[in-house]
Amino acid sequence: MTDQVVLRIVIKFLLPYIFLYGLYVQFHGEYSPGGGFQAGVIIATGMILYSLIYGSSLALKVLPFSLIQRLAALGVLIYGGVGVAAMLKGGNFLDYSQLAGVQTTAQQIGIVLIELGVGLTVTCAMLVLFFTLTRRGRSLRP
Amino acid sequence: MNEIFFQAGTAELALLALPAFLVVTATAIVFSRDLLVCTAHLTIFSLVMAVIYLVLAAPDVAMTEAAVGAGVSTVLILAALVLVGRDTEAVSPRWQRIGFIVMAVPFVILCFVAGDLPALGDPAAPSTQYLAPDFLQRSEAEIGIPNVVTSILASYRGFDTFGEVSVVFTAAMALMLLLGPKAPAPGAGREKKDALAPPVRKEASHD
């Protein structure tokens, strides 16, 4: 769709707000509706929109496929790592109350960390699905 | 059901009109002969579903439905359509009718059963009787964040969410194993064309 001038300009204006909204949903999820999953999907949608209009080669230049794969795994590792950290501190798996002295603080640290893991994994998993399907049979390098 | 009819607030009206719209869209999906049209109908279905979730005061589910159902999955289905070809033969009209009947019978049964469901926001409904008040009370003292949904999903039910994240990750990895890139051949040329982009038109536009 590289010849669609209106789409290109509108997307250029829209993208920052989509990403900002995604980050807001991610980091404000304790106060307002949303959380890692919703934020991840919103950010992935922004990237997909960009790829659709500007071509996935350009999008893969911004975010190389090898990085997407590794970040997807990193998200799961962060989540599991928080659980293991709680175990190492003497609690159960994913028992956040071991992470800090005050219980509510510990819980909030745990929640923010695992939501970060969820967000990373969901964003990158959606992008892996998109790029694998759209660039089938071609190199995943830009 | 009667309560819904008599207190005709905006939410109740929306909850009558939107499901009707869903039924129309679903019927259109079953009977559509073109996969592209079918995809468009699926998107409309998801969007209406998102609005219904919003009316039912579940904004995070609405957000997910709008972004995943109407956004990402539409693009993924379109990408899959590019792979298999849009003019893939549809099932015969006879099978479409059979499919419609198979779906319509449970729908009618569910419509009859729906009358026995507790009304929207009924405080005596079983789902608001047992665990929900308990979580609402404990969350403030134990977790200390205002959004109880997040505190349940991320803390009380953290193990379930870990499972969900693993499922998403596994799905992405599985698709990559099935369809992903093979080891790049030495000296393989790079193509510029995009799978989803239409072929570049050659100055043949009739103004």
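**Entry 1: Gln98(A)**

I looked up the contacts of Gln98(A), with contact meaning heavy atoms within 4.5 Å. Neighbours within four places in sequence aside, Gln98(A) touches Ala86(A), Lys89(A), Gly90(A) and Gly91(A). I located Gln98(A) in the loop between helix 4 and helix 5 (103-134) of chain A. Helices (H or I, at least four residues) and strands (E, at least two) are DSSP runs, numbered from the N terminus. I then asked how exposed Gln98(A) is; its relative accessibility is 28%, so Gln98(A) counts as partly exposed. On this scale buried means under 20% relative accessible area, exposed over 50%, and partly exposed in between (1.4 Å probe, protein chains only). I also noted Gly110(A), which is 12 residues from Gln98(A) in sequence and 9.5 Å away in space, C-alpha to C-alpha.

**Entry 2: basis of the values**

I worked from a predicted model, in which local features need pLDDT of at least 70 and side-chain atom pairs count only at pLDDT 80 or more, while totals for chains, interfaces and linings use all residues. Residues are numbered from 1 along each chain as its sequence is written, chains are lettered from A and ligands numbered from 1 in the order in which they are written, and side-chain values use heavy atoms, without hydrogens and water.

**Entry 3: chain A as a whole**

I found five helices and zero strands in chain A. The C-alpha atoms of chain A fill a box of roughly 60 × 35 × 15 Å along the principal axes. Of the 142 residues in chain A, 51% are buried. Among contacts in chain A with a separation of 6 or more, 59% join residues 24 or more positions apart.

**Entry 4: helix 4 of chain A and helix 8 of chain B**

I examined helix 4 (residues 65-88) of chain A and helix 8 (residues 158-179) of chain B, whose axes come within 10 Å and cross at roughly 160°. Axes are lines fitted to C-alpha atoms, for helices over the stretch in contact, and angles run from 0 to 180 degrees between N-to-C directions. The two helices are therefore roughly antiparallel; angles under 35 degrees count as roughly parallel, over 145 as roughly antiparallel, 65 to 115 as roughly perpendicular and the rest as oblique. Residues in this contact include Phe65(A) and Val76(A) in helix 4 of chain A, and Phe162(B) and Met176(B) in helix 8 of chain B.
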